[in-house]
There are 2 protein chains.
Amino acid sequence: MDTPGVVIQRLPLYLRCVKALQEQGKRITSSQEMAEHLGLSSAQIRKDLSHFGEFGKQGMGYDLAYLHEQLERILHLDRRWDMVLVGAGDLGHALIRSGDFVQRGFRIVAVFDADPHKIGQPLGPLVVRDVATLSSSIRELGAQIAILAVPAGAAQEVASKLAEAGIRAILNYAPVSLNLPPEVRVGHVDPLVLLQSMTYYLCPEG
Amino acid sequence: MDTPGVVIQRLPLYLRCVKALQEQGKRITSSQEMAEHLGLSSAQIRKDLSHFGEFGKQGMGYDLAYLHEQLERILHLDRRWDMVLVGAGDLGHALIRSGDFVQRGFRIVAVFDADPHKIGQPLGPLVVRDVATLSSSIRELGAQIAILAVPAGAAQEVASKLAEAGIRAILNYAPVSLNLPPEVRVGHVDPLVLLQSMTYYLCPEG
DNA sequence: GCCGACTTGTGGTAAAATTCACAAGTGATG
DNA sequence: CATCACTTGTGAATTTTACCACAAGTCGGC
């Protein structure tokens, strides 16, 4: 039984919703409450969850603490994930400085760049490494996730090297569609594409 | 005839692909070439484009310059779009400094924040305005797009105000599902959700 | 103990998206 | 001018996704 990708992509939203409700002091919820929160249908939430087991009680709804725990287990978020960052530019700096990832169990353990001026420089608690040492460093660190924050022109080449080095998931900030073996997962952060598809619906005069 | 949303979301990718091929010096392409570039099927690209007209020639493929022009027309990218930015934190600063949006015809024309210490301070070429003046400023500027870069706790409230002020598209960087009238489009930039769904497929030993 | 108000999990159904497969058209070649 | 190798655009088939609707279960109140 392989669960559809669209379902998997919604699970983190469910988890976030559960956390938000818990922060409101709630202890239980219902598929309907979550649906209103997330703008989905309650049936979809129930069906999605049913792929992984039965987490609720008829008439009662879902225990938030239990659902929280189960979602983290399913998504393998009940552990820390080490990531490597490639690209020590403005974006790379911002990603290191922001604590968003760390707070959620994702830690950047190495930074790489190709620019000789940047290599060896400190960046937060890390020192920028030479991208030429990518492969050996990754194997040494055992990282499975990489953040790609390099210019568009270099993205495909670096991504291929990451895949060769054993990286199994890439969070891609470069505005390029990566061509990689299917066993490597890619998540594409692409604000420009989002803007460009929204303007389709925007017309200067209605 | 209303075109499915998934199709619209792919058009910017096609546009990006067309630009990349043009930069390689090519003058024509085929659905198959684009498909390989983007990791899609050629039939899908042809069918998507067929929603808007016939842009290719049988046996010949697509003229890149023409397809480029048509995609920009369809997406309303043949003009400049003014945006307002709410949130003058680290992310806001980064968005202003980065020229990515401007290069593609999206310009940030005003910045807002709620922090009295930030209001009145210069930020790039702009001066941070009081978020209390959001509504009047937006109407004055005529902006239809907003970038939401505020903390999660403030996102829904600000988003509702944006919608009231006539904003019709929001690029949301806050880790919150926004609840808005359906005529307001929302694009969600959410690296953490991408990471969290990728870890599903990652198993420490397997 | 029984009723009524809820809620889950799910089989079946409807809708949506993708892919197939092919007629029709194009230009190059000899 | 006939052939060949390509390519588009598109109905039809297939696959995927979302939704409906309801049996079954739970709890609180009286």
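So, helix α7 of chain A, residues 134–141, packs against helix α8 of chain A, residues 152–164, at an angle of about 40° with the axes 9 Å apart. Axes here are lines fitted to C-alpha atoms, for helices over the stretch in contact, and angles run from 0 to 180 degrees between N-to-C directions. That angle makes α7(A) oblique to α8(A); under 35 degrees is roughly parallel, over 145 roughly antiparallel, 65 to 115 roughly perpendicular, and the rest oblique.

Quick background: this is a predicted model, where local features need pLDDT of at least 70 and side-chain atom pairs pLDDT 80 or more, while totals for chains, interfaces and linings use all residues. Residues count from 1 along each chain as written, chains are lettered from A and ligands numbered from 1 in written order, and side-chain values use heavy atoms, without hydrogens or water.

Who touches whom in these helices? From α7(A) we have A:Leu134, A:Ile138 and A:Arg139, meeting A:Val158, A:Lys161, A:Leu162 and A:Glu164 of α8(A), with contact meaning heavy atoms within 4.5 Å. Those residues split into four nonpolar, no polar and three charged.

Okay, over to chain B. Strand β5, residues 106–113, has seven of its eight residues buried, so it is largely enclosed by the rest of the structure. Buried means under 20% relative accessible area, with a 1.4 Å probe and protein chains only.

And its partners? Strand β4 of chain B, residues 81–86, pairs with β5(B) in the parallel sense over six bridges; pairing takes at least two DSSP bridges. There, B:Trp81 sits opposite B:Phe106. β5(B) also pairs in the parallel sense with β7(B), residues 126–130, over three bridges, and B:Phe112 has B:Arg129 as its bridge partner.

Notes
Helix = DSSP H or I, 4+ residues; strand = E, 2+ residues; numbered from the N terminus. Nonpolar A, V, L, I, M, F, W, Y, C, P; charged D, E, K, R; others polar. Buried < 20%, exposed > 50% of the residue type's maximum accessible area, 1.4 Å probe, protein only.
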